[in-house]
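Hi,

Here is the structure I promised to pass on. Have a look at it first, and then read my notes below.

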Amino acid sequence: MDDVSAVRGKLLDWYDRQARALPWRVGPAERRTGARPDPYRVWLSEVMLQQTTTPHAAPYFEAFTVRWPTVTDLAAAADGAVMAAWAGLGYYARARNLLACARAVATQHGGAFPNTENGLRALPGVGAYTAAAVAAIAFDAPANVVDGNVERVISRLFAVETPLPAAKPELARRAATLVTSERPGDWAQALMDLGATVCTPRSPRCLLCPLAADCAALAKGAPETYPRKTAKAERPHRFGLAYVSRRGDQVALVRRPPKGLLGGMLALPTSDWAAAAPEIPGGWTHAGAVEHVFTHFSLTLQVVVAENSGPDEAIWTEVDEARAALPTVFRKALDRGWG
Ligand code: SF4
């Protein structure tokens with residue numbers, strides 16, 4: 001990024017023309033007439049947006065601000081009324097924090113939100129992101145406001161190759177290089193709008209992007225592959241034997257040890273589950289294999305069958321009863337071995 005002020009100029013010009021009209025926003029045209037955002041509305045919107053999308057949050061925001069137009073009104077509300085109004089936004093801990101924060105602002109700060117990141121951060125339930133967003137948007141403090149949308153834009157602009165989440169500090173550092181004391185609130189919102197409407201996750205609309213000429217990821221091709229992500233570790237594969245020992249209509253089951261995978265459940269007797277495929281033991285007939293995928297590994301069980309060869313601790317169980325009681329992996333093996 002050669003010229004920070006040119007990049008800033010392009011994005012702020014774009015924001016002046018394209019800013020989304022949002023119920024909590026004082027847009028760039030209004031800002032120019034001297035209008036200032038209400039910190040209460042900025043804070044409320046940021047808390048709601050951590051929970052849900054802009055279109056879903058908007059009616060909740062309208063309802064809250066009609067019913068409780070100021071933070072002091074919200075602070076005086078009954079807990080139950082706020083919880084009920086929050087229903088549909090999910091995650092009630094946030095509603096509780098919302099009330100605690102409103103009450104702290106009302107009682108400890110005379111109804112006025114602190115105007116610095118540190119002051120905001122000290123309020124109940126206000127994290128680093130919300131503090132930065134409110135400081136920038138409501139108070140025009142040059143705070144570095146970095147959420148997932150902004151991380152995406154920055155990772156593309158600078159073609160950051162480090163995968164997430166390890167890239168987070170680098171992305172925040174690079175985002176900070178673009179923050180100045182000129183229009184910090186508009187800058188934060190311009191980046192948010194770019195991420196939400198143009199530099200979208202799957203198909204960024206680079207043809208419409210005011211920063212296309214400055215975007216390192218676009219220059220390299222495939223900007224949608226940024227931010228890089230750590231490849232998911234491959235699930236290991238294991239092999240084992242499952243013994244189906246028959247005695248008339250009964251099959252030999254065992255109870256698995258109380259701790260560990262399928263702990264305490266009824267099971268077919270098995271070998272250890274190892275990285276290498278086991279040999280079919282003498283005296284047993286191979287009936288085929290079943291596959292099963294657990295959360296942390298996948299498994300191939302070779303099913304072997306014999307008459308009356310259960311272990312000493314076998315629990316001889318009617319086959320229908322066994323089918324009903326066994327976890328899926330063993331039921332599949334039983335079905336394979338029983339014929
Ligand atoms: S050019 Fe494309 S990838 Fe780069 S910032 Fe703009 S929209 Fe995002």
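To start with, which side chain does the side chain of His292 join in a polar contact? The partner is Lys332, and the contact between the two side chains comes in at 3.0 Å. Keep in mind that this is a predicted model. His292 itself is part of strand β4, which covers residues 285-293. With a relative accessible area of 16%, His292 counts as buried, because the cut-off for that is under 20%.

Next, the ligand. You'll find the ligand in the largest cavity. Around the ligand are Arg156, Val198, Cys199, Pro204, Cys206, Cys209, Ala212, Cys215, Leu218 and Pro223. Sorted by type, that shell has 9 nonpolar residues, 1 charged residue and no polar ones.

One helix is worth a look too: α3, running over residues 39-49. Helix α3 is mostly covered, with 9 of its 11 residues buried. Among the buried ones are Tyr40, Trp43, Leu44 and Met48, and also Ser45 and Glu46.

Cheers

Terms used
Residues numbered from 1 in each chain as written. Predicted model: local features only at pLDDT ≥ 70, side-chain atom pairs only at ≥ 80, totals over all residues. Heavy atoms only, no water. Near = heavy atom within 4 Å. 1 Å grid on protein atoms, 1.4 Å probe; cavity = no way out; pocket = protein on both sides within 12 Å on 5 of 7 lines; lining within 4 Å. Sits in = over half its atoms within 2 Å of the grid points. Nonpolar A, V, L, I, M, F, W, Y, C, P; charged D, E, K, R; others polar. Buried < 20%, exposed > 50% of the residue type's maximum accessible area, 1.4 Å probe, protein only. Helix = DSSP H or I, 4+ residues; strand = E, 2+ residues; numbered from the N terminus. Polar contact = N/O pair within 3.5 Å; in protein donor to acceptor, adjacent residues only side chain to side chain.
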